[in-house]
Amino acid sequence: MINSIFCDLISVLNERNIRYCIVGMSDHFPSDITGDADLVIHPDDLAPYRAIIKAFPESHPETLHIQRFQHEIVAFSDIFIRRNAGTCLYLRLDPCTHYLRNAHLLLRAEEILENRRLAVDEAGKQKSFYIPAPENNFIYYLVKKIGKQACNAVQVAHLKYFYGQAPEACKQKLEKFWSSGEVQSQILEFVQTGNLALFEKHAGTWLNIMRSETSIPFRTRVAEYKRHLYRGLHPTGLVVRCNKSQADIEALKAALFCGFNLYFLYEGKGKISLLSLLKKRISSTLILVPDGIACPIVDIDVSGLSVPEATDKVFRYLADRMKHRLSRE
């Protein structure tokens, strides 16, 4: 299914001449966008980009903007939904300018955007969105995986794909972070063979070397402190009062997929994490509220509603709350 939200947003970004690119594996875009769409945006274009996001639901009233949170100093996440033939279409955009990891500046946006190009399909026909040059996509994705200390077989296959498009240019990119020829050889062996055991053995060392080449300026430390303080004062979660009906569960489960920490408040039974009820079906990586931070309690009565009606009621509440929040920024 073509993700019409993605297509509409990209169209606006192109019309406004926003300098951006979609990083990571995007061969299947704009159809089958099952995860995040990661964007790198030129720092000078961040303010107009945010203005576009704020105004987007007004020009596309069938789309609801239900969430925004800041997960790095210069990285955000915006979540949209749209009703399509009785089902909800989702899009989670993760834009950033420079790529930071735990406040360490690893890649500047200008580097990633250098020589960006329009994506092409299997037949060589140009798509509507921009992607980085292969070597820039390679180093971005590699640094990201090492920074997270996690990589699976699918992700290393992506790295191998980027490397295969421009092997010599990719090798040159490694020199920025790892001057040692031995380390470069280890990384290239991992990428070319997909040996995850090699990654598990050396990734910690690769990360330490990568971090040693960067520092955290005082201004950045202050900005990171402010970000954590803001997240604490404005938690992304909700506590929703509901009953045990299937409609309640389906509606709240859908919201959880969009990045909310939700809880059931059963009468007489205290607070029970929705994640604990659905832990076999829901990824814990979507839980975004810091431990110990209280969430606002919201009364949303969805008893007796069908699943689509209940879901719509939850999402429209979230969209109204998001609109009010953006009006104050």
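Predicted model: local features only at pLDDT ≥ 70, side-chain atom pairs only at ≥ 80, totals over all residues.
User: With which residue does aspartate 45 form a salt bridge?

Analyst: In general, side chains of opposite charge can pair when their charged atoms come close. A salt bridge is counted when a side-chain nitrogen of Lys or Arg lies within 4 Å of a carboxyl oxygen of Asp or Glu. Here the partner is arginine 19, with the closest N and O atoms 2.9 Å apart. Arginine 19 lies in the loop between H1 and strand E1 (20–23), and aspartate 45 in the loop between strand E2 (36–41) and helix H2 (46–59), so the pair ties together parts that are 26 residues apart in sequence. Such labels denote DSSP runs numbered from the N terminus: helices (H or I) of at least four residues and strands (E) of at least two. Arginine 19, at 33%, is partly exposed.

User: How many salt bridges does the structure hold?

Analyst: There are 9. One of them joins aspartate 8 to arginine 82, at 3.1 Å between the closest N and O atoms. Aspartate 8 belongs to helix H1 (residues 4–15) and arginine 82 to strand E4 (residues 75–84), so parts 74 residues apart in sequence are tied together. Aspartate 8 is partly exposed at 24%, whereas arginine 82 is buried at 6%. Both also belong to a network of salt bridges that links Asp8, Glu62 and Arg82.

User: Which residues of helix H5 are buried?

Analyst: They are Gln155, Val156, His158, Leu159, Phe162 and Tyr163. These residues cover an arc of only 150° around the axis, which means that they lie on the same side of H5; the arc is taken from the directions from the helix axis to the C-beta atoms. Ala153, Val154 and Gly164, on the other side of H5, are exposed.

User: What covers the buried residues of H5?

Analyst: Contact, meaning heavy atoms within 4.5 Å, is the criterion. The cover includes helices H4 (134–148), H6 (167–174), H7 (181–193) and H8 (196–212).

Notes. Residues numbered from 1 in each chain as written. Heavy atoms only, no water. Buried < 20%, exposed > 50% of the residue type's maximum accessible area, 1.4 Å probe, protein only.
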